[in-house]
Amino acid sequence: MEENNHHHHHHRNEQNNGAKLIRKKWQEYQGVRNWDGLLDPLDDNLRREILRYGGFADAAYKSFDFDPSSPSYATCKFPKRSFLENSGLPGTGYRVTRNLRATSGIKLPRWLDRAPSWVATRSSWIGYVAVCQDKEEIARLGRRDVVISFRGTATCLEWLENLRATLSHLPCQTSGSDCDGPDGCGPMVESGFLSLYTSGTDLNPSLQQMVRNEIGRLLQSYGDEPLSLTITGHSLGAALATLAAYDIKTHFNRAPLVTVISFGGPRVGNRSFRCRLEKQGTKVLRIVNSDDVITKVPGFVFEDCHASRPDEFHVAGLPSWIRRQVEDSSPSWVYAEVGRELRLSSRDSPYVNGFNFATCHDLKTYLHLIDGFVSSKCPFRATASKMLGKHARSENLARV
């Protein structure tokens, strides 16, 4: 019994030391030095921070009504004040201040008039903004933290948006930047993601508008104190997190340090987009499972040091017309990876059974692999918790 107490005491001390370190070096944990020296081997405080933000991403799923037959389909199931507790995150010290919705900009084909209404859900709850309000947690973190969290794809129209794998130009404040390609081409991002971020209707403001309004309000309230903005998301949510970060840094002159912690995200933009993200100081930590195919799309052609053979550039099953379109295009159309990468592999875990598409992409698999990852030389630690519940398997097939 005594030994057990000693173990708990030791663990608590470790946590306390970690808290001191985070407070002192919070900017490093938020990527101000691009996480140099923290990723391989993975720093324990950084692991805890990534898992903490992974919990915020997971809450965006747990609170979403996935049931098409439900009257509240595609909305958030919980009220703001009890949102995090109901989503399995009690005691975070954060409070949700704003629900976020995204509107699909797809022009609907005529046949959809006769389809069930859930197919044509135009606007749906996509995530939330939460602010750290707890004095102790603010002290532990060394600053007040604002989280924006986005869920992955859940509705039929989002799937269609996801498949629009062409690049669109971003509206530019400045032209002729040295980030632009040799053909003078500016930043471009995947059309479907941009559409979900910027589309709105008379009744529904765009996600971009909602994010700008809320961040503007929070900067007015808390702009004079140490502040960080952490944007997290899984899958489609990871792509939206990257776009939102770019937009916030472009729109607000006095934006604080903006960090993206993304899980299983697809590729988002071209080289000019990546270059501008880096120049504006947005920090992106991309967590990637090598066995997850979603992280390899929609970059049908991409710059990637991991692809040694040309045939690896093609994701199986892509229609040939898309391949041709991309192969014939200029270098500005090539997708480029952003930020720093933490690369994991399902194969390293003794607990991940099978390599089906859904399990490799599932957020729970990601959190489990982060919990276990030590370094590229010793990929899995024995003390990792078995986070993969049986119940997660079936329900997550729907959430890619």
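Because the model is predicted, local features require pLDDT of at least 70 and side-chain atom pairs count only at pLDDT 80 or more, whereas totals for chains, interfaces and linings use all residues. Residues are numbered from 1 along each chain as its sequence is written, and side-chain values use heavy atoms, with hydrogens and water left out.

Salt bridges were assigned where a side-chain nitrogen of Lys or Arg lies within 4 Å of a carboxyl oxygen of Asp or Glu. By this rule the structure contains 19 salt bridges. In one of these, Arg 52 is paired with Glu 137, with 3.7 Å between the closest N and O atoms. Helices (H or I, at least four residues) and strands (E, at least two) are DSSP runs, numbered from the N terminus. Burial is expressed as relative accessible area: under 20% is buried, over 50% is exposed, and values in between are partly exposed (1.4 Å probe, protein chains only). Arg 52 is buried because its relative accessibility is 17%, and Glu 137 is likewise buried, at 13%. The C-alpha atom of Glu 137 is also separated by 9.5 Å from that of Ala 19, a residue 118 positions away along the chain.

A salt bridge also joins the side chains of Arg 144 and Glu 225, at 2.9 Å from N to O. Here too, distant parts of the chain are linked: Arg 144 is in strand 3 (residues 144-150), while Glu 225 is in the loop between helix 8 (207-222) and strand 6 (227-234), 81 residues apart. Arg 144 has a relative accessibility of 12% and therefore counts as buried, whereas Glu 225, at 30%, counts as partly exposed.

In the salt bridge between Arg 381 and Asp 371, the closest N and O atoms are 3.1 Å apart. Asp 371 lies in helix 13 (363-372) and Arg 381 in the loop between that helix and helix 14 (390-395), so the contact ties together parts that are 10 residues apart in sequence. Asp 371 is buried at 9% relative accessibility, and Arg 381 is partly exposed at 25%. Elsewhere, a network of salt bridges links Arg 267, Arg 286, Glu 337, Glu 341 and Arg 343.

Lys 20, Arg 23, Lys 24 and Lys 25 form a positive surface patch. Of these residues, Lys 20 is located in helix 1 (residues 2-24) and is partly exposed, with a relative accessibility of 46%.

Aromatic pairs were defined for rings of Phe, Tyr and Trp (its six-membered ring) with centres within 6.5 Å; planes under 30 degrees apart count as stacked, over 60 as edge-to-face and the rest as tilted. The search of the whole structure gave 7 aromatic pairs. Among them is the tilted pair of Phe 83 and Trp 125, with 5.9 Å from centre to centre and 45° between the planes. This pair links helix 4 (residues 83-86), which holds Phe 83, to strand 2 (residues 123-132), which holds Trp 125, across 42 residues. Both Phe 83 and Trp 125 are buried. The ring of Phe 83 also pairs with that of Tyr 128; the centres are 4.6 Å apart and the planes lie at 55°, so this pair is tilted. Because Phe 83 lies in helix 4 and Tyr 128 in strand 2, the contact ties together parts that are 45 residues apart in sequence. Relative accessible area is 0% for Phe 83 and 0% for Tyr 128. Phe 64, Phe 83, Trp 125 and Tyr 128 form one aromatic cluster.

A cis peptide bond, with omega of about 5°, joins Asp 40 to Pro 41. Asn 34, in the loop between helix 2 and helix 3, has a positive phi of about 60° although it is not a glycine. Trp 35 is placed in the loop between helix 2 and helix 3, and its phi is near 60°, a positive value in a residue other than glycine. Asn 34 is partly exposed, with a relative accessible area of 32%, whereas Trp 35 is buried at 1%.

How values were computed:
Patch = residues over 30% accessible without salt bridge, like charges linked within 9 Å, V, L, I, M, F, W, Y side chains within 5 Å. Areas by Shrake-Rupley, 256 points an atom, 1.4 Å probe, with all protein chains shown as cover. Lys, Arg positive; Asp, Glu negative; His and termini not counted. Charge placed at Lys NZ, Arg CZ, Asp CG, Glu CD.
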